[in-house]
Amino acid sequence: MGFLNRKKIPDSNLDHKLNCNEIKSATGQSQGQDPPIFLMTPAAQALSGFFVWTALILTCHQIYMHLRFYTSPHEQRHIVRILFIVPIYAFDSWLSLLFFTNDQYYVYFGTVRDCYEAFVIYNFLSLCYEYLGGESVIMSEIRGKSIESSCMYGTCCLRGKAYSIGFLRFCKQATLQFCVVKPLMAIITVVLQAYGKYKDGDFNVASGYLYVTIINNISVSLSLYALFLFYFAARELLSPYSPMLKFFMVKSVIFLSFWQGMLLAILEKCGAIPQINSVEVSVGEGTVAAGYQNFIICIEMFFAALALRHAFTYRVYMDKSLDLQGRCAPMKSISSSLKETMSPGDMVQDAIHNFSPAYQQYTQQSTLEQGAPQPVSRTLNSLSTRGDTEKTLLLSSDDEF
């Protein structure tokens, strides 16, 4: 009997240990199958890193080629700025994914991304202006034409009105306000995050996320509406430049990523995206949705880089850059072009021109040819970005604002 009793005790302990191991094994498997855990695995970081670095190589090569064949500064400065969105979005999202377990870092990384995306919207509209020859040329083409009523483009409320300088002014102002509101909201987000008043996906009235999201949504919608209006007015003039692909790419990268992030936050709030329940890992509300957003953006930027190579090709500028001996621009010239491209001076001047009451009845006309005949104007501003060869003229308009 004693021998049997001694045998039962180990059997009981063994059964208890087996049960504990089974529970731990089952828990480990459930954690391994839990979707949010994948964001922290080396596989997720390696997969996203592959797409990110491939997108960086493709886009940086395209930027280099534009700077090497920098023959149309008015156009290419905006193209290069637009192309930089891929490296900034991709690398920013990848860093956020690498620091996923720290639920504060992604907010700070996202601030850089938010500030630059507003800059891209402005540059895309400015590029369309440059394609058509500037404000004065656009105004001469569309002035006095009746605005076609279309619910698709949001012009149904403009029935009976005609295009004027006020229309172009509104398009620029709507995009420039996004350049102010978006960085301002990004700074407010960082401040609220530091004081514990901001959490992604927290729609509580006491949280700053709700109000930041509402303001950003209004601002981004107004900016998108302005782009739609301008495309609707100048679609025939822009047809030689394949505007649909360019417009779709910019809209996809900026606006769809914004609404994509908001949708993921709502899904997490509704419980469709499970939280991470682990003793070792503790993340705040909204972090899992933001992690998925960053992972998806890493993948999307690879395809965006491929599409942008076709949308903003450098080949149309290649033939113009070769001199009589067939030599290309030296590295010094490339660095100078990059410095000029990243200077925000033209945006500051454009903001002054579009918001200052003194310039409401004037259109801008730029020229790069020294000694070229200049139309009669009341105001003349010279830019110093390329010496004395680049000038902006302000031409009087007879339209009422």
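**Exercise 1. Count the aromatic pairs in this predicted model and classify Phe-50 with Phe-51.**

Solution. The structure holds 18 aromatic pairs. A pair is two rings of Phe, Tyr or Trp (its six-membered ring) with centres within 6.5 Å; planes under 30 degrees apart are stacked, over 60 edge-to-face, and the rest tilted. The ring centres of Phe-50 and Phe-51 are 5.6 Å apart and their planes stand at 75°, so this pair is edge-to-face. Next comes accessibility (buried is under 20% relative accessible area, exposed over 50%, partly exposed in between, with a 1.4 Å probe and protein chains only). Phe-50 has 52% and counts as exposed, whereas Phe-51 has 16% and counts as buried.

The model is predicted: local features need pLDDT of at least 70, side-chain atom pairs count only at pLDDT 80 or more, and totals for chains, interfaces and linings use all residues. Residues are numbered from 1 along each chain as its sequence is written, and side-chain values use heavy atoms, with hydrogens and water left out.

**Exercise 2. Classify the pair Phe-124 and Phe-247 and state which parts it ties together.**

Solution. The centres of these rings, Phe-124 and Phe-247, lie 6.2 Å apart with planes at 45°, so the pair is tilted. Phe-124 is in helix H6 (residues 105-131) and Phe-247 in helix H10 (residues 243-269), so the contact ties together parts 123 residues apart in sequence. Helices here are DSSP runs of H or I with at least four residues, numbered from the N terminus. Phe-124 is buried at 4%, and Phe-247 is buried at 6%.

**Exercise 3. Find which charged residues sit over the rings of Tyr-89 and Tyr-129.**

Solution. The criterion is NZ of Lys or CZ of Arg within 6 Å of the ring centre and within 35 degrees of the ring normal. Arg-113 lies over the face of Tyr-89, 5.6 Å from the ring centre. Over Tyr-129 sits the charged end of Lys-172, at 4.3 Å from the centre.

**Exercise 4. Describe the largest cavity by volume and lining.**

Solution. A cavity is a set of points on a 1 Å grid, over the protein atoms alone, where a 1.4 Å probe fits but cannot get out; lining residues have an atom within 4 Å of a point. The largest cavity has a volume of about 580 Å³. Of its 33 lining residues, the closest to the centre are Arg-113, Asp-114, Tyr-198, Asp-200 and Phe-258. H6 supplies the largest share of the lining, seven residues.

Methods: Helices (H or I, at least four residues) and strands (E, at least two) are DSSP runs, numbered from the N terminus. On a 1 Å grid over the protein atoms alone, a cavity is a set of points where a 1.4 Å probe fits but cannot get out, and a pocket is an open set with protein on both sides within 12 Å along at least five of seven lines; lining residues have an atom within 4 Å of a point. Grid points are joined across faces, edges and corners, and a volume is the space filled by probe spheres set on the points.
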